[in-house]
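Colleague: I am new to this structure and would like to go through it with you, one question at a time.

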Amino acid sequence: MRESGFWGMLDDSDRAALKATARSRTFADKAILCLEGDSSTHVFILVEGWVKIITSASDGREKLAALRGDGDVVGDIAQVAGHRTATVKAIRTVRALIVSPGQFGGFLDSHTEAARAYRHVTAEHERAAHSAQRSMALASGPQRLAALLLELDGADLPLSQEELASLIGASRSTVTRALKDWRSRHIIATRQGPVTILDPAALRRLADG
């Protein structure tokens with residue numbers, strides 16, 4: 001399962017200092033935190049919950065580009081781009097702190113350990129993105145799907161087959177066939193909600209090829 005993210009790496013004093021400069025907000029299931037193309041550049045710190053990072057293709061279709069969860073910093077790229085590069089949508093209930101770029105930068109400048117944590121999670125996201133690109137070239141669709149399911153195990157996220165396909169850069173039919181096969185072999189179950197892993201060792205072998 002994933003690491004605890006930026007918020008989870010902060011000590012109590014740094015959390016209190018960040019809360020003092022931010023405003024707290026709760027977003028309901030499927031609520032939009034920000035829209036692609038917007039000029040707003042404030043930063044979200046996800047205290048609890050998960051969000052979808054959605055981008056629009058040239059033909060207007062939406063693509064689930066990434067997931068961000070408990071503790072992650074979201075929207076910080078807008079500070080550099082000057083606008084929102086993706087739509088951020090809540091999965092179930094999300095509690096977040098919202099802070100302006102200037103305030104967030106000031107907080108990091110004055111809190112050394114928090115700045116170190118932010119650099120760490122930023123590097124981890126870059127590493128994960130590079131690993132995903134490499135996986136696209138070297139691993140099959142089912143391998144990438146198995147790795148994704150292991151990564152998300154325990155998160156209980158209601159993702160459709162189309163969204164799973166988008167996350168791994170494969171067709172929906174590839175995902176459908178793989179899930180059907182793994183269900184028949186009792187590696188996973190998909191009844192009444194998110195995928196449940198029944199045999200993690202077998203799924204790990206599939207991911208490793």
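Colleague: Which residues does Gly75 touch, not counting residues up to four places away in sequence?

Modeller: Please keep in mind that this is a predicted model. Gly75 sits in the loop between strand S5 (73–74) and helix H3 (77–81), and with a relative accessible area of 18% it is buried, since buried means under 20%. Ser40 lies 35 residues from Gly75 in sequence, with the two C-alpha atoms 9.4 Å apart in space. Once residues up to four places away in sequence are set aside, the residues that Gly75 touches are Thr41, His42 and Arg84.

Colleague: How do helix H4 and helix H5 stand to each other, roughly parallel or roughly perpendicular?

Modeller: The axes of helix H4 (residues 101–110) and helix H5 (residues 112–138) come within 5 Å of each other and cross at roughly 115°. Angles of 65 to 115 degrees count as roughly perpendicular. The relation of H4 to H5 is therefore roughly perpendicular.

Colleague: Is helix H7 largely enclosed by the rest of the structure or largely open, and which elements are included in what covers its buried residues?

Modeller: Six of the eight residues of H7 are buried, so this helix is largely enclosed by the rest of the structure. The buried residues are Glu163, Leu164, Ala165, Ser166, Leu167 and Ile168. What covers them includes S3, S4, H5, helix H6 (141–152) and helix H8 (172–184).

Colleague: Which residues is Leu67 in contact with, leaving aside its neighbours within four places in sequence?

Modeller: Leu67 belongs to strand S4, and at 12% relative accessibility it counts as buried. Leaving aside neighbours within four places in sequence, the contacts of Leu67 are Trp50, Val51, Lys52, Ile91, Leu152, Leu157, Leu159 and Leu167.

Colleague: Which elements give two or more residues to the lining of the second largest pocket?

Modeller: The second largest pocket holds about 300 Å³ of space, and its lining is made up of Lys52, Ile54, Ala57, Arg61, Glu62, Lys63, Leu64, Lys89, Ser160, Glu162, Glu163 and Ser166. By class, the lining residues divide into three nonpolar, two polar and seven charged. The elements that give two or more residues to this lining are strand S3 (43–56), strand S4 (62–68) and helix H7 (161–168).

Colleague: Is His186, which has a positive phi, buried or exposed?

Modeller: Most residues other than glycine have a negative phi. His186 is not a glycine, yet its phi is positive, at about 60°, and this residue lies in the loop between H8 and strand S7 (188–189). At 60% relative accessibility, His186 counts as exposed.

Colleague: What is the relative accessible area of Arg92?

Modeller: Arg92 is found in strand S6 (residues 87–99) and, although not a glycine, has a positive phi of about 60°. Arg92 is partly exposed, and its relative accessible area is 36%.

Terms used
Residues numbered from 1 in each chain as written. Predicted model: local features only at pLDDT ≥ 70, side-chain atom pairs only at ≥ 80, totals over all residues. Heavy atoms only, no water. 1 Å grid on protein atoms, 1.4 Å probe; cavity = no way out; pocket = protein on both sides within 12 Å on 5 of 7 lines; lining within 4 Å. Points joined across faces, edges and corners; volume = space filled by probe spheres on them. Helix = DSSP H or I, 4+ residues; strand = E, 2+ residues; numbered from the N terminus. Nonpolar A, V, L, I, M, F, W, Y, C, P; charged D, E, K, R; others polar. Axes fitted to C-alpha atoms, helices over the stretch in contact; angles between N-to-C directions. Parallel < 35°, antiparallel > 145°, perpendicular 65-115°, else oblique. Buried < 20%, exposed > 50% of the residue type's maximum accessible area, 1.4 Å probe, protein only. Contact = heavy atoms within 4.5 Å.
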